[in-house]
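Here is a set of exercises to work through with the model open in your viewer. Try each task before you read its solution.

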Amino acid sequence: MKAWSDLYIPPLDSRFSLKALSLHDSATASINALPVKPIYRMYVCGITPYDATHLGHANTYLAFDLINRYLRATGAQVNFVENITDVDDPLLERAIRDGVDWKDLAHSQIELFKSDMVALHVIPPAHYIGAVEAIPQVIAAIKDLQANNSVYKIDEDLYFEVRSDKDFGRRSNLSQSEMERIFAERGGDPKKAGKKDPLDALLWLAQRPNEPGWESEFGIGRPGWHIECCAIALSYLEISPDDKTSVDIQGGGSDLIFPHHEMSAAQSKMINGREFASHYVHAGMIGLDGEKMSKSKGNLVLVSNLLKQGRDAMAIRLALLGHHYRSDHMWVERDLTTAETLLEDLRVALSRTEVAPTDSTIEIIADSLANDLDTPSAIKALKDWLAHTNSGLTGGSPGELSRAVDSLLGIAF
Ligand code: ZN
C-alpha cells in the first residue's frame, strides 16, 4: 500500500554530536541505550481503519516519529515498517453497523489517516503494508509455524500454541490469570472449547457466512491479527545473519503490550528462532474527561476534526509533545491553546535577526530526546530560549534553531 508523502527534514549541523538513544523497554521495565548501528529496524503497529485518527493514535505515532528523527539525525538509516489492519472483526462489525461496504470504510479511513500523518509531519514508513495485501506472507508464516509443530486446528480454524515458545509471557511480565483476563477484554477467546491453553491465539479464521475470505492451503479464511504483524515484520525488515533479534524496536500503544506484542513476538520466535525485538517500546494512553480515549467508549477527539476547526497541526503536535510519550494523561483544551500561544511566540522570535544563544538550546533538546524522548524538557529549553531572547540576549542563530527543532521535534515554523 502506498504510504503518505515524504517530508523534507533539514540536517542538523555536524558540530552537534548526538548521544546514543536510550529508550524504555517494556520487557525489562528499564531504560537502555540502543547499540550504535548503521541501520535500525523499527516495526510500529498501525491502525484498524475506522475512527481514525484520534489523539491516542497521534500520540503513539509521534513517539515513534521522534525515534525515527533522532536516529536519522545520528546519521543512521531507519527501516521503518508499519501495518494497517484492513480486515479484522472490529472493522467488519463497524461496516455492518453503519450499512457500508467494509472495503469502502477501510479505504476512506486509510485516506484520512494518511492526511492526518502528513499534517502532523510524521515521516512515512518505508513499507506501509495492509493485512489484505500481506495474506501470502501470512500463509507462509503459518506454514513455518506448522513445520515447527506450533499449530493445531479447532474445527476449521488454526490456533498458535503459545507454550511452544518457552519465553511466552516474558515480554509482558504478567501472570497466567492476568493474561487470561486481559486476553478476554481485548478480543481474545480464552474460553473457546478445544483450546490446549486458554491463551492460544487465532492464526487463521475459516470463512464465516457473509464475511470475506481468501484461498489458502488451510481453506478459505482470513488472518488473525497477531500473525499479520509477525508476517509483515519478518517479510519487510531485512534481517542479517548477525542480528540477534528480528527487529530493533517494536512499537505501539501500551494497550498492545498484551496480548498483541507478546503473541507476535512468540510467533516470530517460533519461526526464526530469534527473539523478536531488542526494545519493546510503548506509548501511553490519552484520555478525555477522566476516561481512556477509545473507540468502544466513543469519547474520541479526532485530529481531522481539530484541523477542520482551523487548529494548527503543529500546535497539536506541540501540545502532545508537552507530555512524556509514556505518560497516560488526559487531553485538555488548555494544552492546545497553550501550545498555540507558544508556537506563535516562537515564530515571532525566530523571525528576528538577533536572538539569544542557540547552541546550548539545541544541545539540551538533543540530550533530552536521547533520554527516553524527554520532550517536556526539550520544550522547556525552547521556552527558556524564548525568555532569554525576549529579555534581549543575543548571539544565536535563529535559522539553526529553527532547523534543529524541525529536524528533531518535527515542529516546522
Ligand atoms: Zn501489530
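## Exercise 1: Helix α5

Just after α5, Gly187 takes a positive phi of about 90°. The model is a predicted one, in which local features need pLDDT of at least 70, side-chain atom pairs count only at pLDDT 80 or more, and totals for chains, interfaces and linings use all residues. Residues are numbered from 1 along each chain as its sequence is written, and side-chain values use heavy atoms, with hydrogens and water left out.

**Task.** Find which residues of helix α5 (residues 176-185) are buried, and work out how they are arranged around the axis.

**Solution.** 
1. Helices are DSSP runs of H or I with at least four residues, strands are runs of E with at least two, and both are numbered from the N terminus.
2. Buried means under 20% relative accessible area, exposed over 50%, and partly exposed in between, with a 1.4 Å probe and protein chains only.
3. With that cut-off, the buried residues of α5 are Met179, Ile182 and Phe183.
4. Viewed down the axis of α5, these buried residues fall within an arc of 105°, so they line one face of the helix. The arc is that of the directions from the helix axis to the C-beta atoms.
5. Ser177 and Glu185 are exposed, on the face of α5 turned away from its buried side.
6. The cover over the buried residues of α5 includes α7, where contact means heavy atoms within 4.5 Å.

## Exercise 2: Helix α12

**Task.** Check the span of helix α12 (residues 375-390), then locate its buried residues.

**Solution.** 
1. The expected span is 1.5 Å times one less than the number of residues.
2. For the 16 residues of α12 this should give 22 Å, and the end C-alpha atoms are 23 Å apart, which agrees.
3. Buried in α12 are Thr375, Ala378, Ile379, Ala381, Leu382, Trp385, Leu386 and Thr389.
4. These residues cover an arc of only 150° around the axis, which puts them on the same side of α12.
5. An α-helix has 3.6 residues a turn, so residues three or four places apart point the same way.
6. Among the elements that cover the buried residues of α12 are α1 (55-73), α9 (313-321), α10 (333-350), α11 (359-370) and α13 (398-409).
7. Now look at both ends. Leu373, in the loop between α11 and α12, has a positive phi of about 55° although it is not a glycine, and is buried at a relative accessible area of 0%. Gly392, which follows α12, has a positive phi near 100°.

## Exercise 3: The zinc site

**Task.** Which atoms coordinate the zinc ion, and at what distances?

**Solution.** 
1. Donors are N, O and S atoms within 2.8 Å of the metal (3.2 Å for Na, K and Ca); water is not among the atoms, so sites may look incomplete.
2. The donors of the zinc ion are Cys45 (SG), Cys229 (SG) and His260 (NE2), at 2.0 to 2.1 Å.
3. Their spacing in sequence is C-x183-C-x30-H.
4. Cys45 lies in the loop between β3 (39-44) and α1, and Cys229 in helix α6 (residues 225-236), so the pair ties together parts that are 184 residues apart in sequence.
5. Cys45 is buried, with a relative accessible area of 4%, and Cys229 is buried at 1%.
6. The structure holds zero disulfides, a disulfide being a pair of cysteine sulfur atoms within 2.5 Å.

## Exercise 4: The whole chain

**Task.** How many helices and strands are there in the protein, and what percentage of its residues count as buried?

**Solution.** 
1. The protein has 13 helices and 14 strands.
2. Of its 413 residues, 56% count as buried.
3. Among contacts between residues at least 6 apart in sequence, 79% join residues at least 24 apart.
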